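Okay, thanks for coming, everyone.

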Amino acid sequence: MNDYILWLNQLGMADLDRVGGKNASLGEMISQLSGAGVHVPCGFATTSAAFKAFLAHDQLADRIYQRLADLDVDDIQALRSAGEQIRSWVMNTPLPQALQSAISEAWQTMTAELGEAVSVAVRSSATAEDLPEASFAGQQETFLNVSGLENVITRVHEVYASLYNDRAIAYRVHQGFEHEVVLLSVGVQQMVRSDLAASGVMFTLDTESGFDRVVLITSAWGLGETVVQGSVNPDEFYVYKPSISSGHHAVVRKTIGSKLSKMIHSDDGRGVQTIETSESERQQFSISDHDIQDLARQAMIIETHYGRPMDIEWAKDGVSGQIYIVQARPETVKSRSAKGVIERFKLKQRGPVLTEGRSIGQRIGAGRTRVIRSVAEMDRVKPGDVLVTGMTDPDWEPVMKRAAAIVTDRGGRTCHAAIIARELGIPAVVGCGDATQLIADGIEVTVSCAEGDTGFIYAGLLDFEVQTSDIEQMPEMDLKVMMNVGNPDRAFDFALLPNRGIGLARLEFIINRMIGVHPRALLNLEAQPADVRSRIDEQMAGYADPVTFYVEKLAEGIATLACSVDPEPIIVRTSDFKSNEYANLIGGQQYEPEEENPMLGFRGAARYIDPSFRPCFELECKALKRVREVMGLKNVWVMIPFVRTLDEARQCIDLLAENGLKSGEDGLKIIMMCELPSNALLADQFLEYFDGFSIGSNDLTQLTLGLDRDSGLIAHLFDERDPAIKLLLEMAIKACRRQGKYIGICGQGPSDHPDLAEWLMAHGIESVSLNPDTIVPTWHRLAAAQSKD
């Protein structure tokens, strides 16, 4: 249009110097990706030339830069004083008349097309933001639901002033950007009516591990500021990119958030307001599976176009149902981290848990707490403190870098506190709900984000260690080294380790952690007492009915693990709870017998074929079938545990086939866990039913040596290297080798005893499945042993 205004559809990344990172990216997507199905709202942008003209008035630039020249941004009071003075100068300096006229002309064009009642977002776009090396997330102001020319011009002026917010001044200094080189553009963009639907943030990788084959999406009701700011705990979804590409159902994980509030348009039609959500909104997901997959497709198109992992803001229009992209910038943390080196933090002791929330950063930090209830108190935070607060926003950034860890009541994994914690390389636990009530000020705590998706705040300064492994050049080896992984929370993290798949995935871990309810209680939901029913309803939030909840939650856990190692195999062991463990699930007491020795009782194959449990086992089969067929993860194998007799083997194979799981169909392998002496003694006969064995050395050892592994009195006798155990191991290995079937070991033995792993390799085992923390050293030892042979 002119030197001061450009339409977004005229822009591209080559215009970054003219309209800043945000506006250049919006223009790039409109001009280059609209035809591919990426939807971006229309609008216009003021240019950096307009900002320069503004700064030239009355020597404003000289005054600003002189005031900032010797400013110590770590002195909070001095920073506040300088920022306040500069912003007053900016607001007292009128916008150039030529700029006001250009905005007026653009506004008339926009209203002619969209109607006089159109409302817009007025957003900053700095020439140094949204770069691969620095996000500048939330440093300047955004104004939502702005209508009327006069209001638009006022908001543009206020955005100009926000370049000199305290947080923006400090961020530029900490990131090494000179104030003089950072100029400002303002985007004026049609509002998406997400106040009537939902909005959020998505990343084209897992923000914690850097695993890049998934899209992480967060979502909450209303305008997206609540998600970005961290004022709500949003819903969270993982989408597997290859399943999107192959046309399969790709949503591998769904976690419902509390979503206690939402931001909507104000009653007077101008600006925004925050209100509480309804109980119904809190109990359901804010977007559908169709929406989730649509978002992931757009994210993948954007990532491919830019050639790097991306951080994307989105909004769903509640009138049209259309999903729009409202910002896309490079992800600046995991995509820049060192490749080939894995750093793991590990607690060496435990203490009382004060509270827990969403884990950010996979690290451990410790220090004295500072419970801060408003930004006015933030100068109380000293270097090495643990910052505890309701939520953070960009105003907090000058002191966040001092913290050893951050803990918040509200927020999800894409909120402000999470983003800044990752940039700073410190742990954060967000969305605790009650941290500021439960954690006292001035006490010593340890913040652990090294235990999966859940982060814990422990009382006291606990001892921890940091292990660093170089996996850039792992030696070649014939033996397949697999992993024992039960917790889907750790799947993407462990996937970065060298591995040939998952040799043991325990369904009972998924049932206990992600479902928590006895399957018979779900199948008989109407018969449950009121208190039990209430607890079950709480667990089921977001799912249509009890069976859907159980099957889809199981499938999500399996799929999360499976996609982390795809196309390498994952051997999923069907549930092997003992009766006392099943009884601990919600509603479980009424369905489980009291047994003197549950270890030798109603478990494994005998449970599956029993009429009382068979319907529950069939739900497991449905989940496995869903993962393989609906989600397209054909790398899932099935393993049956604790098969006492050949007749049990036959009945289990028949039951699996009746439920659509038949050996050989679509590459399915059905493995038996070889963990009873009878399994090894009759190995050839058992292999008539199964495609191979995975040796469970724990049960095999205790049942062969006739000891209770949980008894401290005889614990010293428990040793998988006993000659009797080795004899049975050798029998199982030889039988599988004779028949050309799979033979591996998933028990604890090779993880605890590297010499046993060497013995197994020498005797022809195909794979060893190890605990993740032992993989790298055991791999090197076995490779060295192989090279000597």
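**A walk through the model**

Let me start with one cysteine: C42 has 29% relative accessibility, so it counts as partly exposed. Before I go on, please keep in mind that this is a predicted model. C42 sits in the loop between helix 1 (16–33) and strand 2 (43–46). What does C42 contact, once you leave aside its neighbours within four places in sequence? That would be L8, M110, L114, V188, Q189 and Q190.

The search of the whole structure turns up four cavities of 30 Å³ or more. The largest cavity holds about 260 Å³ of space. Its lining is made of 20 residues, and R123, L144, G224, A315 and V326 are the ones nearest the centre.

Which elements build that lining, with at least two residues each? You get strand 3 (120–126), strand 4 (142–146), strand 5 (184–190), strand 6 (198–203), helix 8 (225–229) and strand 12 (310–316). Strand 12 is the top contributor to this lining, with three residues. Sorted by class, the largest cavity is lined by 10 nonpolar, seven polar and three charged residues.

Now the second largest cavity, which has about 150 Å³ of space. Here 19 residues make the lining, and E208, Q362, G452, D453 and D489 come closest to the centre. The class count for this second lining reads five nonpolar, five polar and nine charged residues.

In soluble globular proteins, nonpolar side chains tend to be buried together. In this model the largest nonpolar core has 147 residues, and M29, I217, I302, I640 and F693 have the most contacts inside it. Helix 19 (residues 546–565) gives this core its largest share, 11 residues. A separate core of 49 residues lies apart from it, with V73, A126, V156 and A161 among its members.

Not counting residues up to four places away in sequence, I217 touches V201, M202, D235, E236, F237, V239, I287, I292, L295, A296 and W314.

Ring pairs join F237, F285, Y543 and F549 into a cluster. Across the whole structure, the search gives 15 aromatic pairs. Let me show you one of these, W637 with Y742: the ring centres are 5.5 Å apart and the planes stand at 85°, so this pair is edge-to-face. W637 belongs to strand 26 (residues 636–640) and Y742 to strand 29 (residues 742–745), so the pair ties together parts that are 105 residues apart in sequence. Both W637 and Y742 are buried.

Next, an aspartate. Is D291 buried or exposed? D291 comes out at 8% relative accessibility, so it counts as buried; the cut-off for buried is under 20%. D291 lies in helix 11 (residues 289–306). Setting aside its neighbours within four places in sequence, D291 is in contact with K316 and I323.

Last stop: some backbone details. The peptide bond from D566 to P567 is cis, with omega near 10°. Where is P567? P567 is in the loop between helix 19 and strand 25 (570–573).

D58 has a positive phi of about 55° although it isn't a glycine. Q59 also has a positive phi of about 55°, and Q59 is not a glycine either. D58 is found in the loop between helix 2 (48–56) and helix 3 (60–68), and Q59 lies in the loop between helix 2 and helix 3 as well. As for the surface, D58 has 55% relative accessibility and so counts as exposed. Q59, with a relative accessible area of 57%, is exposed too.

That's the tour. Happy to go back to any of these views.

Technical notes: Residues are numbered from 1 along each chain as its sequence is written. This is a predicted model: local features need pLDDT of at least 70, side-chain atom pairs count only at pLDDT 80 or more; totals for chains, interfaces and linings use all residues. Side-chain values use heavy atoms; hydrogens and water are left out. A nonpolar core is a set of buried Ala, Val, Leu, Ile, Met, Phe, Trp, Tyr and Cys residues joined through side-chain atoms within 4.5 Å. Buried means under 20% relative accessible area, exposed over 50%, partly exposed in between (1.4 Å probe, protein chains only). Helices (H or I, at least four residues) and strands (E, at least two) are DSSP runs, numbered from the N terminus. Contact means heavy atoms within 4.5 Å. On a 1 Å grid over the protein atoms alone, a cavity is a set of points where a 1.4 Å probe fits but cannot get out, and a pocket is an open set with protein on both sides within 12 Å along at least five of seven lines; lining residues have an atom within 4 Å of a point. Grid points are joined across faces, edges and corners, and a volume is the space filled by probe spheres set on the points. Ala, Val, Leu, Ile, Met, Phe, Trp, Tyr, Cys and Pro count as nonpolar, Asp, Glu, Lys and Arg as charged, and the others, Gly among them, as polar. Rings of Phe, Tyr and Trp (its six-membered ring) pair if their centres lie within 6.5 Å; planes under 30 degrees apart count as stacked, over 60 as edge-to-face and the rest as tilted.
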